[in-house]
Amino acid sequence: MNIATLMDRLGVPAQDWQDGPLESRSPIDGAVLGRVAVHSQAQARERIEAAHQAFLQWREVPAPRRGELVRLFGEELRRHKEALGHLVSLEVGKIASEGAGEVQEMIDICDFAVGLSRQLHGLTIASERPGHRMMETWHPLGVVGVISAFNFPVAVWSWNAALAFVCGDAVVWKPSEKAPLAALATQRLFERACERCGEPQWAQLSQLLIGDAHLGELLADHPRVPLVSATGSTRMGRAVAPRVAQRFGRCILELGGNNAIVVTPSADLELAVRAILFAAVGTAGQRCTTARRLIVHEEVAAPLLERLRRAYASLRIGHPLEAGTLVGPLIDRAAFDAMQSALEQARRDGGRVEGGERVLAERFPEAWYVRPALVEMPAQTDVVRHETFAPILYVLRYRGFDEALALHNDVPQGLSSAIFTNDLREAETFLSARGSDCGIANVNIGTSGAEIGGAFGGEKETGGGRESGSDCWKAYMRRATNTVNYSGSLPLAQGVKFDL
Ligand code: NAD
């Protein structure tokens, strides 16, 4: 499908994506896919105000009715899964099944949110005073600002937006400037859901801000935005968090990862190789949960690496929409340069680099395809401790389990982690208080590809935010503690007397 057919199928009018100063370029071949208008600061403020006005109405709509809109949005996504997934592939270079998988993730979170719309319940709490009842109620919060990264150009928004909508909030979205078309298409599908719901004005609940980091800063600073959910690099989080804190707003930060897989002597190596492969080279190493470090026991290092080398050698790298391709392109030249400079540093640190070179340069002179790199390191040097957003897997060997845990946790980031072991003690220790310090810790599965039902996010420089399933919805609401006195007297708490 070419881009015009896709955008037509997704219902985005030509003038919205064919005329404007912001170019969307496909990392597949460097071709310009579209040109999009950019919002000024004044327009962005107007959109935030429009979202706020929509919120004032929406907060009074019963939550299950709000869920009905999200259900219809999920249906639009089902209907357009192939087209939107294809657009994601064109715009950020994901292989077809990962593009479709991203849309499936949006559908899943919509389903989750629909159920949640009947479960936004608080507690009843025992009061110390006779004839009193205490309870907790959850109210809509306001406008939720969403800043998203290029690598999950639409799913990250949906994790936030589906919950925010059922919680009674409006959403203002600043998508990555590298993926404006997927954002426009998603917005259009949301508008269609509002039309199908018979309430086209509800489209105001979702506002798009197209532009660069300055619009993200405006969201961070705006007093009408009580919650900013920001996904991207740790550098971005460092800039956004203090700005939001300055005005006592709240943040959900989903920042960089530096995820490791520990392979112990009892591990099922076949399983481990398959998991490592998907985690390390899937999405061309451009997932926040990509496995970037392999911490392997010296007894199994040789057989594991031999299998891994064989697997790496048979990876098909190429056009992400061609059948059989497993590794698509890097997003742009800057990503390629960052990868090369990390590999040079690893060599200087005594690392043995295999792969990492540019491939397919003749077929795609304007695109950046690489052979994923395997790098055996003598130690966990600074370059290993840094997130390079490309397919580099650093291999470190260990002898004792405590050494593996120490290496594992000795990085600034704390997103995802995994251990391959058939030893119950090792598995449980890894998941225990003295084990992995990450927000996600897995046994016998890789670091990436989380389901939406759990809380997603990580510790330390990953930012501490949690999104998606479990009880993450609470971040999108404000909590009120209510005490009702149904007695005829007025006892004070803690036995305080204050009588005239
Ligand atoms: P990025 O930080 O360059 O950009 C992300 C978004 O932030 C973009 O929309 C950008 O315009 C905006 N932005 C950048 N600087 C800003 C500022 N100072 N103020 C406000 N907004 C600003 O990240 P990227 O290259 O698009 O994505 C890759 C990064 O995202 C990686 O570090 C990856 O680990 C991380 N990521 C994290 C998660 C997670 O859930 N933890 C998920 C996806 C991606």
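In this predicted model, a polar side-chain atom of Lys174 sits 2.6 Å from an oxygen atom of the ligand, a polar contact in the sense of a pair of N or O atoms within 3.5 Å. Glu387 does likewise from its side chain, with an N or O atom 2.6 Å from an oxygen atom of the ligand. Gly232 uses its backbone instead, placing an N or O atom 3.4 Å from a ligand oxygen. The protein covers 91% of the 840 Å² of accessible area that the ligand has on its own (Shrake-Rupley method, 1.4 Å probe).

Stepping back to the whole shell, 28 residues surround the ligand, each with a heavy atom within 4 Å of it. The closest are Lys174, Glu177, Ser233, Leu255 and Glu387. By type, the shell splits into 13 nonpolar, nine polar and six charged residues, with Asp, Glu, Lys and Arg counted as charged, Ala, Val, Leu, Ile, Met, Phe, Trp, Tyr, Cys and Pro as nonpolar, and the others, Gly among them, as polar.

Helices H9 (213-221) and H10 (234-246) each give at least two residues to this shell; helices here are DSSP runs (H or I) of at least four residues, numbered from the N terminus. H10 makes the largest contribution, four residues.

H9 also packs against H3 (residues 41-58), at an angle of about 40° and with the axes 11 Å apart; axes are lines fitted to C-alpha atoms over the stretch in contact, and angles run from 0 to 180 degrees between N-to-C directions.

Residues are numbered from 1 along each chain as its sequence is written, and side-chain values use heavy atoms, without hydrogens or water. Local features need pLDDT of at least 70 and side-chain atom pairs pLDDT 80 or more, while totals for chains, interfaces and linings use all residues.

Methods
Polar contact = N/O pair within 3.5 Å; in protein donor to acceptor, adjacent residues only side chain to side chain.
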